[in-house]
Amino acid sequence: ATTQVNTSVFYNNGKSQIAGISVGIKPDEANLMYNIKSFMVDGNFDLLKSNPNGIVIGSGISTKMNLKISDNLNLTSSKGINRNFKVVGIFKTNNSITDKTRSYVNIATAQQLLKEGTSYITDINVNVSDSEEAELIAKKIENLTGYKAEGWKQANETFMAANKMRKIVITFVSLTILLLAGFGLYHNL
């Protein structure tokens with residue numbers, strides 16, 4: 001399990017501005033959970049531990065704002081806090097939405113961006129050995145703690161609905177092709 005603090009931000013570099021989400025993490029725990037280091041294309045993820053002004057950005061942010069390692073980036077949080085960061089790493093997940101909007105900072109930094117204390121967190125993410133049991137485990141956690149908990153399917157409902165629709169379309173197209181091929185064969189007889 002690992003805690004994190006999510007905050008909506010604006011990335012500012014000169015006249016360029018991008019809306020996104022900065023995720024405050026404990027670097028070692030987050031890397032164990034998500035293997036973030038495997039997505040790094042430049043820089044050093046471990047610098048987040050020792051640099052409170054360090055930021056790891058998605059490759060889409062880097063491209064849109066023409067940023068590279070050691071460049072400065074200004075963040076404006078949803079609470080109106082402005083802060084300058086030094087780019088210490090760039091990651092690429094091949095999920096364009098994530099790469100164009102997400103960044104990682106130290107959890108204490110994210111708490112400061114939201115004007116919150118050191119006990120403030122927005123999410124607790126739990127890794128489970130059997131992903132199909134995630135919903136059941138989420139219900140148990142919800143009953144134990146009284147806080148809202150959701151499994152990965154519930155948290156990604158939009159993706160799951162799109163995936164279901166994609167399967168329906170593929171099935172329909174496949175059946176249509178088979179039907180047309182059958183008529184073609186029948187016609188040739």
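1. T176 is placed in helix 8, where helices (H or I, at least four residues) and strands (E, at least two) are DSSP runs numbered from the N terminus. This is a predicted model, in which local features need pLDDT of at least 70, side-chain atom pairs count only at pLDDT 80 or more, and totals for chains, interfaces and linings use all residues. Residues are numbered from 1 along each chain as its sequence is written, and side-chain values use heavy atoms, leaving out hydrogens and water.

2. With a relative accessible area of 32%, T176 is partly exposed (buried is under 20%, exposed over 50%, partly exposed in between; 1.4 Å probe, protein chains only). The T176 side chain reaches the backbone oxygen of F172 at 2.8 Å.

3. I177 also belongs to helix 8, which spans residues 157–188. I177 is exposed because its relative accessible area is 53%. Together with M165, I168, V169, F172 and V173, I177 makes a nonpolar surface patch of about 600 Å² (patch residues have over 30% relative accessible area and no salt bridge, with nonpolar side chains joined within 5 Å).

4. R83 lies in strand 6, residues 82–91. R83 is buried without a salt bridge, the nearest side chain of opposite charge being E116, 14 Å away (a salt bridge requires a side-chain nitrogen of Lys or Arg within 4 Å of a carboxyl oxygen of Asp or Glu).

5. A polar atom of the R83 side chain lies 3.4 Å from the backbone oxygen of P52. Beyond its neighbours within four places in sequence, R83 is in contact (heavy atoms within 4.5 Å) with residues including P52, N53, L73, T109 and L113.

Note on methods:
Lys and Arg count as positive and Asp and Glu as negative; His and the chain ends are not counted. A polar contact is a pair of N or O atoms within 3.5 Å; within protein, one must be able to donate a hydrogen and the other to accept it, and residues adjacent in sequence count only if both atoms are side-chain atoms. Patches are made of residues with over 30% relative accessible area and no salt bridge: like charges are joined within 9 Å, nonpolar side chains (Val, Leu, Ile, Met, Phe, Trp, Tyr) within 5 Å. Accessible areas come from the Shrake-Rupley method with a 1.4 Å probe; for residues, only the protein chains shown count as cover.
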